[in-house]
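Hi,

Here is the structure I promised to pass on.

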Amino acid sequence: MSDRPLLDTGLFLMDFSRQATTGFLAGFEGDAFVKRFTADGSHAAYIVGHITFTDDTTLNMLAGDAHTLSKAEQKLFGGGATISETLTDYPPQAELIEKMHAVRAKLFDYFKGLSPAEIIAPVEGPLAQFGDTRAKLMTSIAWHEGFHGGQLSVIRRQLGLLCVFG
């Protein structure tokens with residue numbers, strides 16, 4: 001534990017949700033990566049890309065970093081995107097998962113570079129609805145990923161895959 005408990009807590013939550021997501025993705029192969037849990041629900045390919053989109057957008061808004069995702073990927077994985085059940089409409093699974101982890105690492109580095117005063121400084125603009133400080137924003141990031149992790153858990157069960165936890 002460092003001398004920055006808010007940062008430590010936020011990073012722990014973000015890491016915990018990422019470990020859960022990684023566990024939920026184990027066993028998704030081929031067309032299972034684009035299986036929806038309901039007719040109009042999301043699938044793993046979209047969820048992985050969308051979580052990456054969220055981290056990428058957050059980093060861009062907070063730090064001004066250039067987007068890691070291309071404009072086409074931003075459109076493919078942003079909120080309100082049209083979700084396809086065709087596997088080839090998405091980047092390869094390994095590439096999506098690798099990018100998900102790489103963008104999260106960049107977001108971790110951003111948060112780790114903040115001073116205690118910056119961690120509790122007000123967040124302005126569109127991100128403020130998800131947390132009015134960077135510390136609170138980290139909890140929203142973790143919750144958002146956990147929400148989508150729940151969707152992955154349902155798909156796992158539909159595919160006959162074992163429960164990850166429990």
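This is a predicted model: local features need pLDDT of at least 70, side-chain atom pairs count only at pLDDT 80 or more; totals for chains, interfaces and linings use all residues.

Residues are numbered from 1 along each chain as its sequence is written, and side-chain values use heavy atoms, with hydrogens and water left out.

The chain has an average pLDDT (the predictor's confidence in each residue, from 0 to 100) of 95, and 98% of the residues score at least 70.

Now the packing. Helix H1 (residues 5-25) and H4 have axes 11 Å apart, at an angle of about 175°. Axes here are lines fitted to C-alpha atoms, for helices over the stretch in contact, and angles run from 0 to 180 degrees between N-to-C directions. H1 and H4 are therefore roughly antiparallel, a label for angles over 145 degrees. Their contact (heavy atoms within 4.5 Å) includes Leu7, Leu11 and Met14 of H1 and Ile97, Met100 and Phe108 of H4. By class it holds nine nonpolar, four polar and four charged residues. For the classes, Ala, Val, Leu, Ile, Met, Phe, Trp, Tyr, Cys and Pro are nonpolar, Asp, Glu, Lys and Arg charged, and the others, Gly among them, polar.

H2 and H6 cross at roughly 170°, their axes coming within 10 Å, so this pair is roughly antiparallel too. Thr54, Thr58 and Leu62 are among the H2 residues in that contact, and His144, His148 and Ile155 are among those from H6.

Which elements give two or more residues to the lining of the largest pocket? The largest pocket has 15 lining residues, with Thr54, Thr58, Leu127, Phe130 and His144 nearest its centre. Helix H2 (44-63) and helix H6 (134-158) are the elements that give two or more, and H2 supplies the largest share, six residues. The lining has eight nonpolar, seven polar and no charged residues. On a 1 Å grid over the protein atoms alone, a pocket is an open set of points where a 1.4 Å probe fits, with protein on both sides within 12 Å along at least five of seven lines; lining residues have an atom within 4 Å of a point.

Cheers

Methods. Helices (H or I, at least four residues) and strands (E, at least two) are DSSP runs, numbered from the N terminus. Angles under 35 degrees count as roughly parallel, over 145 as roughly antiparallel, 65 to 115 as roughly perpendicular and the rest as oblique.
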